[in-house]
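Open the model in your viewer and keep the selection panel at hand. The tour moves stop by stop.

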Amino acid sequence: MKKKLNCILLIDDDEPTNFLYKMIVSEADCTSETLIAQSASEALNYLEKFCEKNSLEDFTHFPDLIFLDINMPCMNGWEFLEKYKELKKGFKKETIVVMLSTSLNPDDVTRAEGMPEVAGFRHKPLSIPMLNEILKEFFPADY
Amino acid sequence: MKRVSLFRWIKNVSIAKKLYFTVGIMAILIAIELGVLIFSVNTLSSVRAYVTGEGLWSKAQKEAVYQLMKYGRTHDEADYEKFREFMKVSEGDHKTLVELGKENPDLEAAKQGFIEGRNHPDDVEGMINLFRRFHFVSYISKAIIAWSKADSLVRKFDGISKKLHTEINKTNPSQDSVNHILAEIDPINTNLTFFEDEFSYTLGEGSRWLEYVILRLLFGVALTVECTGLLLAITVSRGIQRGLKEILLSAQAVAKRDFSRKAKVFSKDEIGILANNFNMMSDELERSIHEIENVQQRFKNLLESAPDAIVILNDSGVIQIVNAQTENMFGYSRSEILGKEIDLLITCITKKKNGNGSFHHVLDIMQNNEPEELEWMGIRKDEKEFPVEISFRPIRMEEGLLISAAIRNITEKKLLEKQIMEININLEKKVTLRTNELERKNKELEQFAYVASHDLQEPLRTTTGFAELIRQKYLGKIDADADKYISYIIQSSDRMKTLIKDLLDYSRIGRETQAKKINCNELLCEVLADLDGLIKESHAEINATELPTILGYPTEIKQLFQNLISNAIKFRQKDIAPRIKIAAEKNEQHWLFSFSDNGIGIEEKYLSRIFVIFQRLHTRTEYEGSGIGLANCKKIAELHNGRIWAESEPGKGSTFYCSIHEFEHA
């Protein structure tokens, strides 16, 4: 029996990419809500709301899963993770970050593996089988 | 306690004061002695005067008795007058005796009495004083009693004489009566003689006693004077001697370098101060000697611990001092080297041909006549030679000039130098090899990027073509989603096209090999003409100062201008017409171009990142671009041996600086 996730957050600066991902996510029908952030700072602003000091009690819009792009203007994926590391301490709920990149550079994979904040690293593009696999890996109780 | 404090006072007072004190005490004692002497002489003189007075008194009394007896026989009035005359002596003395016996005697009357008693006027005062001062002394009081008794007896003659005078002057004087009266005289006279003798005897005894007392007194005073003088002299001199002896002993100890013996301080006088000062001096001396010894020890340690062989020569090149390292280095013992000439140890190989001794070169070095580095060899006892490095230093001493030579064995250094040189040569060869290889690889890479981006265009063009075909044929005919997909495909293909073109441009930079003269004013005009559409659309205002003519790569410089100007227009603030100022300034070796705008500005933390390829600060929806323009500019600046950087204030505008070195290989 499939159980839907509360919310999935997509962070990518490329509009067509976001459009495509949103379509895939909705086709997979695995979440009640899909959010799109077109920059890392937009995503941080959104997540800050759930931080302890802001004491927002309603977690219905809190993302269970985050897809993060690396190469973004202004603040890239790595810089986002630095800030996110601090922010995460204030969260009352667990969340899974999966990096999603076109990068074929093995250094990026190694770097991501070294970061406890990053649950997984996948190569673009996102597809329904990849999404199902991710859900099975990180939410085994629900799938 | 008082004695103790007096001694303490004498001990601590200055030597001059001690002397003054001693002499003062002596003077006072001598003055006392003199006083006693004068008093004694006066007293004795007075005693003598009394004895004389007694003689006069007795003589007058006897004469009076004689005259009275004569009168009794002769009845001659002249004899009676003579009797009265002689009686005046005892009457005068009687007056004095009566006066001095009173509580408050009239001294003038007493004096007068004595003078009437035929005493010498000069003696009178002393006689009265003796009576008054010493009447309680047994001898004097006994004499006074004798005098008083005699006096009262003498007074009886007055009555007898009056009776006699009356009898004789009767009309019928009876000789019997006369004889009867005269018979009264004799027993009185006999008694008087007794008292007169007693008076004289008592006074004589008194004077002898007095003499005895005075002699003892004088002796006593003299003894006191001598003892006091001696005591003071001993005290003072002993104090001085003791202090001086202390200092002397300490001085002897210091002479034997025993600084622990301190001079004891007994007093606070000059000797005490001297002792204190001496102790301070000895402390200071000890400290100084200790310091000097320390310095010597340090020098010795320094000398012995030096890694070099250190040889100290006198001004004629004879070895004076060496350290242990010298013995090790040359294989001689110290005694074998000392006193020998320096030629024993070293030889100068640079000027060996001159034939002069090594010391000749040393002197030349000392006088700065040896500008070139000399090469020296050390000679061991076993005659083996080895290369050395020597640094000579003059040491100017009181006894003349000494020269220190620090000798270092550089056999290993020479060996290492040789090895390093070989390694360097090898390294250079390797570096050249690698550089060539790298250059080749770099060329290959550039070629690859160029070819790849060029070849990538081919399938892209096909994709774009078909996408365009689909758009024309099927837009609005399938559904809204399909329209969106088509537009995304075309959008992404266009982006790809731009990226490939920019990448191509980027890889092409520097392919031009010929630098040319570029009139930057003309070049700017061309760029502005190319950007005309954009400028008009944004109402941009572009001002430039007079720009120079430089030597460079025209295509690249044009691209640089174009990128910077189009960026300035692109990143303008909303609703504010862009104003761009272009200027150039000649610095020492380069032209510094500046492009200032009134655009959105850049946060400081991004100022360096903007020049990295594909780095963008904004999403494509905000500002178009591939993130390659400023990377191009950087590559172009570097191609012209310059650099590019930006200064900015977010919200106010940015200034991009680009330095372009002029090429000289036209």
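At what angle do helix α2 and helix α6 of chain B pack, and how far apart are their axes? Select residues 15–74 of chain B for α2, then residues 138–168 of chain B for α6. This is a predicted model, and in it the two helices pack at about 20 degrees, with axes 11 Å apart. Angles under 35 degrees count as roughly parallel, so α2(B) is roughly parallel to α6(B). The crossing of α2(B) and α6(B) is left-handed.

Now show the side chains at this contact. On α2(B), pick Tyr50(B), Trp57(B), Gln61(B), Val65(B), Leu68(B), Tyr71(B) and Gly72(B). On α6(B), the contact residues include Trp147(B), Asp151(B), Phe157(B), Leu164(B) and Ile168(B). Colour the contact of α2(B) with α6(B) by residue class: 12 are nonpolar, four polar and one charged.

Next, go to the sheet in chain B. Five strands form an open sheet in the order β8-β10-β11-β13-β12, with mixed pairing. Select 541–544 and 644–649 of chain B to see the edge strands, β8 and β12, each of which pairs on one side only. From one strand to the next, the twist averages 15 degrees.

For one bridge, select Glu647(B) and its partner in β13(B), Thr655(B).

Last stop: colour chain A by pLDDT. Its average is 86, and 94% of the residues score at least 70.

How values were computed. Residues numbered from 1 in each chain as written. Chains lettered and ligands numbered in written order. Predicted model: local features only at pLDDT ≥ 70, side-chain atom pairs only at ≥ 80, totals over all residues. Heavy atoms only, no water. Axes fitted to C-alpha atoms, helices over the stretch in contact; angles between N-to-C directions. Helix = DSSP H or I, 4+ residues; strand = E, 2+ residues; numbered from the N terminus. Parallel < 35°, antiparallel > 145°, perpendicular 65-115°, else oblique. Left-handed = near helix turned anticlockwise from the far one by under 90°. Contact = heavy atoms within 4.5 Å. Nonpolar A, V, L, I, M, F, W, Y, C, P; charged D, E, K, R; others polar. pLDDT = per-residue confidence, 0-100. Pairing = 2+ DSSP bridges.
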